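Please open the model in your viewer and keep the sequence panel beside it. The stops below follow one another as selections, each with a short account of what is to be found there.

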Amino acid sequence: MEFDVFRQRIEGGIAVGDVLPNPGGGTSTITRIEDKGVRYRRGKSVMILQWDIFYRAYRQFCGNFVDTGNLRAFDNSFDSAARNPAGHSCNCTFAFMLLERAGLADGIVKRGRRFGTHFLRATAD
């Protein structure tokens, strides 16, 4: 799937103001959809899931089960404990939720201390 189609699929399943129930508790509220990525609020923090990194992660793991540990190892933007620069671990489950809404991932499951889902291949792939 090309980037433009991926972004259209994701944007087609979300809107500013949507409140997504986080699998570990709490919610993530979409505050803005922009060229750089999708901004959301979790608690008092506002974060962004960047389109380019999100798309690369989808392409990397498409067709496979992926968990939060896989995403943290893939790119620092998914890891609050990373350095140079640190990202946000919330980006992992937020990405899973967006993919699920777009029909590009199965339901999110908990395995041990991690959450994960199967990244589905798009029919247009």
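**First stop: a hairpin**

Select the hairpin of strand 3 and strand 4, in which two residues lie between the strands and Gly43 takes a positive phi near 65°. Strands here are DSSP runs of E with at least two residues, helices are runs of H or I with at least four residues, and both are numbered from the N terminus. The model is a predicted one, in which local features need pLDDT of at least 70 and side-chain atom pairs count only at pLDDT 80 or more, while totals for chains, interfaces and linings use all residues. Residues are numbered from 1 along each chain as its sequence is written, and side-chain values use heavy atoms, with hydrogens and water left out.

Strand 3 and strand 4 run antiparallel and are joined by six bridges; two strands are said to pair if DSSP finds at least two bridges between them. To follow one of these bridges, select Gly37, whose partner in strand 4 is Gln50.

**Second stop: the sheet**

Now extend the selection to strand 2 (residues 27–33), which is antiparallel to strand 3 (residues 37–42) and joined to it by four bridges. Which residue of strand 3 is the bridge partner of Ile30? The partner is Tyr40.

Contact means heavy atoms within 4.5 Å, and angles run from 0 to 180 degrees between N-to-C directions, with axes fitted to C-alpha atoms and, for helices, over the stretch in contact.

Leaving aside residues up to four places away in sequence, Pro21 touches Gly26, Thr27 and Met97.

Return to helix 2 and colour its buried residues, which are Trp51, Ile53, Phe54, Tyr55, Ala57, Tyr58 and Phe61. After the helix comes Gly63, with a positive phi near 90°.

Next, display the largest cavity, which holds about 30 Å³ of space. On a 1 Å grid over the protein atoms alone, a cavity is a set of points where a 1.4 Å probe fits but cannot get out, whereas a pocket is an open set with protein on both sides within 12 Å along at least five of seven lines; lining residues have an atom within 4 Å of a point. Phe54, Ala57, Tyr58, Leu71, Phe78, Ala95, Leu99 and Phe119 form the cavity lining, to which helix 2 gives the largest share, three residues. The lining divides into eight nonpolar, no polar and no charged residues; Ala, Val, Leu, Ile, Met, Phe, Trp, Tyr, Cys and Pro count as nonpolar, Asp, Glu, Lys and Arg as charged, and the others, Gly among them, as polar.

Move to the largest pocket, with about 200 Å³ of space, a volume being the space filled by probe spheres set on grid points that are joined across faces, edges and corners. Its lining includes Asn22, Arg42, Thr68, Arg72, Cys92 and Phe115, and divides into three nonpolar, five polar and three charged residues. Helix 4 gives the most to this lining, with three residues.

Thr68 of this lining belongs to helix 3 (residues 68–74) and counts as buried because its relative accessibility is 6%. Not counting residues up to four places away in sequence, Thr68 touches Cys92, Thr93, Phe96, Arg114 and Phe115.

**Last stop: Ala102**

Finally, select Ala102, in the loop between helix 4 and strand 6 (109–111). Is Ala102 buried or exposed? Ala102 is buried, with a relative accessible area of 10%, and it touches Arg9 and Ile10, again not counting residues up to four places away in sequence. Its C-alpha atom is separated by 9.0 Å from that of Phe6, 96 residues apart along the chain.

Conventions
Buried < 20%, exposed > 50% of the residue type's maximum accessible area, 1.4 Å probe, protein only.
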